[in-house]
Amino acid sequence: MKPIAKHAEYYLQDGNVTFMVERRLFRVHRYFFERESEFFRNCFATSEECDGTDEKPYVLDIKSEDFAKFLWVWYNRHYRYEGQSRQTWLTILTLATRWGFISMRELAIHQLEHIAMGAVERIALYKEHKIDKRLLIPSYIELCKSPTLPSPDEADRLQLETVLRLAAARERALLRASEQGCPSPTSALLEDDELVTIINDVFEMDSATGEEQQEFEPAKDNRSEDSSGDWFFVDRPGTNGTNGMRSGSPFSFSTRPPKPATDKASADIALYTPVLNHTSIRLPRARARWVILAGM
């Protein structure tokens, strides 16, 4: 076991509270922790074993390098936040969320907004960290306009809910472009403001913000299930008089069985194929991890 040592940068001579992280002592200013975090206010007020001195420091079960990144927000010498990596801001975001530092969380999100990353990556990260989903509208527009569909790996990162909603948004955009008389309509031909309207509707942007991310579940049926998987039929936009929408959900589901599956469809994939103005989705319960979208 390595000896306890003072952190090279964040053991401050005029600090008034000491934390120990991975056998490194951090002596900093208690004011910052009490100002915003109820977690630390309770910790300071109720802890009987620790008093914040070097002899009885508050012990944090995180990496010392992560705590140093967190403290940097208050103690950086240049008073500038740009130039930090995405991982640095994700670390700050994670700790700020865990400990209830609301303003620091907002700062981390603001900085992430200015860091370049792909649409799929941003969507996955923002959903993982429960960031306001309205900030993802530009990313959804990019995917709606993309000439190619998400790859299997990208679909795996997006998860089925998002892939289904994205498919619905692309189809509605395609239908709208067709209604406008485009000779070869694609979802990329629609103006951004029209795509925003579609995305707001399909992704239910007004239903929840911030940490109120709502989970999507398809309508359930009482029919018994087996290990081979279930088939759900998703109404294509325009086939049910409501552009594929119904109250409370951007999708309509039934469980009518399709034609027998091919070997490919019964493998480790889910396959979209057009059947009688519907999009059939085979979901092997045990193995399906990604989705191929066809005919968009």
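Predicted model: local features only at pLDDT ≥ 70, side-chain atom pairs only at ≥ 80, totals over all residues.
Local features need pLDDT of at least 70 and side-chain atom pairs count only at pLDDT 80 or more, while totals for chains, interfaces and linings use all residues. Residues are numbered from 1 along each chain as its sequence is written, and side-chain values use heavy atoms, with hydrogens and water left out.

**Overall make-up**

- The protein has nine helices and nine strands; these are DSSP runs, numbered from the N terminus, with helices (H or I) of at least four residues and strands (E) of at least two.
- Of the 296 residues, 45% are buried (buried is under 20% relative accessible area, exposed over 50%, partly exposed in between, with a 1.4 Å probe and protein chains only).
- Among contacts with a separation of 6 or more, 56% join residues 24 or more positions apart; a contact means heavy atoms within 4.5 Å.
- Carbon and sulfur atoms hold 48% of the accessible surface, which is about 16,700 Å² (Shrake-Rupley method, 1.4 Å probe; for residues, only the protein chains shown count as cover).

- Strand E2 covers residues 17–21, and five of its five residues are buried.
- In a regular strand, side chains alternate between the two faces of the sheet.
- Here Val 17, Phe 19 and Val 21 point one way, while Thr 18 and Met 20 point the other way.
- E2 pairs with strand E3 (residues 24–28) in the antiparallel sense over five bridges, and Val 17 has Val 28 as its bridge partner there; pairing requires at least two DSSP bridges between the strands.
- Two residues lie between the strands of this hairpin, where Glu 22 takes a positive phi near 50°.
- E2 also runs parallel to strand E4 (residues 58–59), joined by two bridges, with Tyr 58 of E4 as the bridge partner of Phe 19.

**Ser 37 in its loop**

- Ser 37 sits in the loop between helix H1 (30–36) and H2, and it counts as buried because its relative accessibility is 0%.
- Its side chain reaches the backbone nitrogen of Phe 40 at 3.2 Å and the backbone oxygen of Trp 99 at 2.7 Å.
- Leaving aside neighbours within four places in sequence, Ser 37 is in contact with Trp 99, Gly 100 and Phe 101.

**Cysteines**

- The structure holds zero disulfides (pairs of cysteine sulfur atoms within 2.5 Å).
- Cys 43 is in no disulfide, and the nearest cysteine sulfur, that of Cys 50, is 7.0 Å away.
- Cys 43 is partly exposed, at 22% relative accessible area.
- Cys 50 lies in the loop between helix H2 (38–46) and E4, and touches Lys 56, Pro 57 and Tyr 58, not counting residues up to four places away in sequence.

**Salt bridges**

- There are 11 salt bridges in the structure, each a side-chain nitrogen of Lys or Arg within 4 Å of a carboxyl oxygen of Asp or Glu.
- Arg 30 and Glu 34 meet at 3.0 Å, N to O; because they are four residues apart in helix H1, about one helical turn separates them.
- Arg 86 and Glu 121 form a salt bridge with their closest N and O atoms 2.2 Å apart.
- This pair links distant parts of the chain, with Arg 86 in helix H4 (residues 86–99) and Glu 121 in helix H6 (residues 119–128), 35 residues apart.
- Glu 179 and Arg 176 meet at 3.6 Å, N to O, and both lie in helix H8 (residues 152–179).
- Glu 179 is exposed at 52% relative accessible area, whereas Arg 176 is partly exposed at 36%.
- A network of salt bridges links Glu 161, Arg 165 and Glu 204.

Key: Polar contact = N/O pair within 3.5 Å; in protein donor to acceptor, adjacent residues only side chain to side chain.
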